[in-house]
Amino acid sequence: MPLQTEPRLADPDALYEALMQAHRELDEARSRRLDARLVLLLANHIGDMDILREALALATQGDKP
Amino acid sequence: MTATHQNPRYAFRRPAALGSAMPEHARVVIAGAGVVGLTMALDLARRGVASVVVDEDDTVSFGSRAICWAKRTLEIYGRLGLGKRFLEKGVTWSRGRVFFQDQEAYGFDLLPEQGHEYPAFVNLQQYYAEEWLVQACEATGLVDLRWKTRLAGVQHNAHGALLHLTTPEGDYTLNADWLLACDGARSTVREALALPFLGQVFRDRFLIADVVMHADFPSERWFWFDPPFHPGQSVLLHKQPDDVWRIDFQLGWDADPAVEKQPERVVARVRAMLEGASGLAAPPFELEWVSVYTFRCRRLERFRHGRVIFAGDSAHQVSPFGARGGNGGVQDVDNLGWKLAAVLAGEAAESLLDSYDAERILAADENILNSTRSTDFITPKNGAAHAYRDAVLQLARGHGFARQMVNSGRLSRPATLHGSPLATPGGEGLPLGAPAPDAPVLVAGRADWLLRHIGADGRFTLLCFGAVPAEVPGGITSVLVTDDDRPGALWDHAGLVARRWQARPGDALLLRPDQHLAARLHAPEAAEIAAAHRRALGLI
């Protein structure tokens with residue numbers, strides 16, 4: 001199964017808000033660790049290296065000018 | 001001299017060739033009398049091959065240096081007759097703990113199952129291993145150890161190499177049919193052949209402190225990331241015999257080695273570590289040996305250059321995390337010894353030695369990959385790497401998946417020689433090229449170990465489950481494994497041989513003299529066995 005990029009969340013605004021909420025009180029270093037923990041937890045949940053590589057490639061592209 | 005060990009001094013023996021205008025001749029010359037060179041000489045001697053070993057020094061290593069001897073290395077020393085000494089003198093361990101800041105993140109066991117002659121690791125100072133190797137080499141009568149003999153020049157040619165040797169009593173030349181370069185990371189032979197030694201340098205420094213003290217830390221590997229007693233850096237603690245404890249402090253790239261080696265500074269670091277780790281006042285201790293090092297991961301493009309062959313650190317270098325340097329070097333020797341002996345005996349062509357290149361480069365790359373990954377974890381290169389490293393350590397406390405990502409060193413495991421040109425494709429079970437797994441057996445009612453019966457006679461072994469084929473070609477020792485008590489058989493009373501080898505009745509597994517799996521046959525005809533044997537000798 002390829003990486004799903006079609007909308008899948010019932011309430012995307014709620015996710016966005018939850019992420020902002022989690023980072024709100026954090027300094028740069030703690031924010032980075034939070035994101036890293038989140039990525040690692042989700043990566044393990046997905047558990048499929050092909051999908052993870054695909055996501056990584058897409059995410060890497062996303063910052064190109 | 002250190003507090004617990006006095007280095008022996010080996011006598012310089014005046015060689016007959018000194019003062020002669022004609023070069024001396026030797027079939028095999030080994031450059032370097034370190035762990036790898038001495039093991040090479042001993043392995044060859046046990047196969048009946050004489051060698052000359054040259055070394056600039058006249059003693060064993062100063063300081064403990066390599067201390068972690070892995071299971072596979074111990075099995076090789078078992079075959080060479082030294083296994084028992086390692087077990088008796090060394091500190092056996094298989095468990096480790098990883099700490100992050102002020103808490104334990106997790107603990108691990110490298111060999112949770114029973115039924116192996118050797119443990120996951122034995123810690124032992126390198127100088128003991130070298131002393132025993134010197135004694136064992138001398139006892140064979142086939143190893144000509146030439147101390148205080150510096151290799152001043154190497155002229156490589158199609159027939160081997162002409163060596164220029166410098167001794168306290170004068171210089172002489174020696175024609176070697178084969179030159180085995182076991183002369184370490186700063187190999188003279190490698191420089192003489194102008195071979196590039198390329199790889200990655202790590203921008204970090206570490207302090208090794210060996211301290212002598214009575215302490216009751218368990219026989220475990222303890223690793224701290226960012227502990228309160230050494231903030232922002234890592235610390236590693238290992239136990240050695242003689243009440244010697246190895247402590248590695250990560251210092252960072254900006255540390256000044258000369259300053260960091262000052263005894264009062266080291267003592268303060270050690271005291272802080274001991275008090276931080278135990279929560280108690282530090283016991284009295286004495287510094288035994290201190291060293292500051294940086295490291296790199298690199299290798300030669302090829303290990304075989306005609307009749308000059310590189311083994312150990314002269315061929316490949318890794319970071320120390322994972323104990324893959326010395327253990328990798330001993331496995332090089334294990335791979336090379338039987339092949340060179342077969343070539344010298346005329347049983348195989350010189351091209352068999354190309355398989356040493358193929359197999360040990362694969363293993364070296366595996367070691368370099370693992371030790372590079374460990375180093376990247378231990379020394380994060382930027383803010384993101386730091387955040388991920390800490391995130392893994394934070395998650396490890398509560399979640400199994402993250403424990404698997406904690407990388408304080410992926411400890412040395414023997415290489416499976418995937419894609420070996422010497423393996424006969426086909427069959428199923430244990431992967432081709434795998435090192436033989438050990439298991440307990442009973443022989444005529446006595447407890448014994450399977451590995452003692454594989455390769456101890458220097459030959460190929462056909463490990464036969466349930467029945468020995470009617471005809472087994474010459475040059476191969478057949479060993480019968482049975483699930484009941486039969487005369488002349490190894491009784492697999494616990495069923496562990498069949499399980500670990502994934503073997504069925506009728507399987508006949510061909511093992512090379514270095515105990516790596518060469519063919520998986522089933523109820524084979526003699527011709528099939530002979531073909532697999534010829535392939536394993538590089539004749540097909």
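Trainee: Is R203(B) buried or exposed?

Mentor: Quick background: this is a predicted model, where local features need pLDDT of at least 70, side-chain atom pairs count only at pLDDT 80 or more, and totals for chains, interfaces and linings use all residues. Residues are numbered from 1 along each chain as its sequence is written, chains are lettered from A and ligands numbered from 1 in the order in which they are written, and side-chain values use heavy atoms, leaving out hydrogens and water. Now, buried means under 20% relative accessible area, exposed over 50%, and partly exposed in between, using a 1.4 Å probe and protein chains only. R203(B) has a relative accessible area of 58%, so it is exposed.

Trainee: Leaving aside neighbours within four places in sequence, which residues is R203(B) in contact with?

Mentor: Start with where it sits: the loop between β12 (197–201) and β13 (206–212) of chain B. Helices (H or I, at least four residues) and strands (E, at least two) are DSSP runs, numbered from the N terminus. Contact means heavy atoms within 4.5 Å. With those neighbours set aside, R203(B) touches W253(B) and T379(B).

Trainee: Is K148(B) buried or partly exposed?

Mentor: K148(B) is in the loop between β8 (143–146) and β9 (150–157) of chain B. Its phi is positive, near 55°, though it isn't a glycine. Most residues other than glycine have a negative phi. Its relative accessible area is 36%, so K148(B) is partly exposed.

Trainee: Is α2(A) parallel or oblique to α10(B)?

Mentor: Axes are lines fitted to C-alpha atoms, for helices over the stretch in contact, with angles from 0 to 180 degrees between N-to-C directions. Under 35 degrees counts as roughly parallel, over 145 as roughly antiparallel, 65 to 115 as roughly perpendicular, and the rest as oblique. Here the two axes come within 8 Å and cross at roughly 60°. That makes α2(A) oblique to α10(B).

Trainee: What is the phi of G47(A)?

Mentor: Look just after α2(A), where you'll find this glycine. The phi of G47(A) is positive, at about 65°.
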